[in-house]
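Have the model open as you read.

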Amino acid sequence: MIKTDQEAIIGALGSIIGFGNIMHLCEMIWRKRLGDATGGELTVGPCSSCLVRCPHPNSGPSNCEWCCGSGRITKRVLRAIEELNK
Ligand SMILES: [Zn+2]
């Protein structure tokens with residue numbers, strides 16, 4: 001299946017059930033498949049390979065000032081956390 005076919009299929013489905021609903025469903029399905037890789041469902045493409053797990057104990061679905069609950073942060077943010085905790 002080529003990309004334009006996929007775009008047409010998703011476009012038709014989005015017109016029926018709503019594009020926001022598609023994104024919500026994809027996020028939910030992806031989250032279930034990730035297991036303990038919390039927050040991976042909130043990252044897409046190359047950026048996900050640049051992120052690391054947030055060490056804050058409140059990471060994940062609850063609120064976290066560092067990762068905003070995604071559970072994933074950049075390596076620079078991780079260094080900032082480590083510098084503050086010295
Ligand atoms: Zn966090």
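## Salt bridges

Glu-27 comes out partly exposed because its relative accessibility is 27%, where buried means under 20% relative accessible area, exposed over 50%, and partly exposed in between (1.4 Å probe, protein chains only). Glu-27 pairs up with Arg-31 in a salt bridge, with the closest N and O atoms 3.0 Å apart; the term covers a side-chain nitrogen of Lys or Arg within 4 Å of a carboxyl oxygen of Asp or Glu. Both residues sit in helix α2, four residues apart, or about one turn of the helix. Arg-31 is partly exposed too, at 41%.

Searching the whole structure turns up two salt bridges. Arg-76 and Glu-83 form one of them, with their closest N and O atoms 3.9 Å apart.

## Nonpolar patch

Ile-9, Ile-10, Leu-13, Ile-16, Ile-17, Phe-19 and Met-23 make a nonpolar surface patch of about 680 Å². Patch residues have over 30% relative accessible area and no salt bridge, with nonpolar side chains (Val, Leu, Ile, Met, Phe, Trp, Tyr) joined within 5 Å and like charges within 9 Å; areas are Shrake-Rupley values with a 1.4 Å probe, and for residues only the protein chains shown count as cover. Two or more residues each come from α1 (3-17) and α2 (19-34), with α1 giving the most, five. Helices are DSSP runs (H or I, at least four residues), numbered from the N terminus.

## Cysteines

There are zero disulfides here, meaning pairs of cysteine sulfur atoms within 2.5 Å. Cys-54 is buried at 5% relative accessibility, while Cys-50 is partly exposed at 48%.

## About the model

This is a predicted model, where local features need pLDDT of at least 70, side-chain atom pairs count only at pLDDT 80 or more, and totals for chains, interfaces and linings use all residues. Residues are numbered from 1 along each chain as its sequence is written, and side-chain values use heavy atoms, leaving out hydrogens and water.
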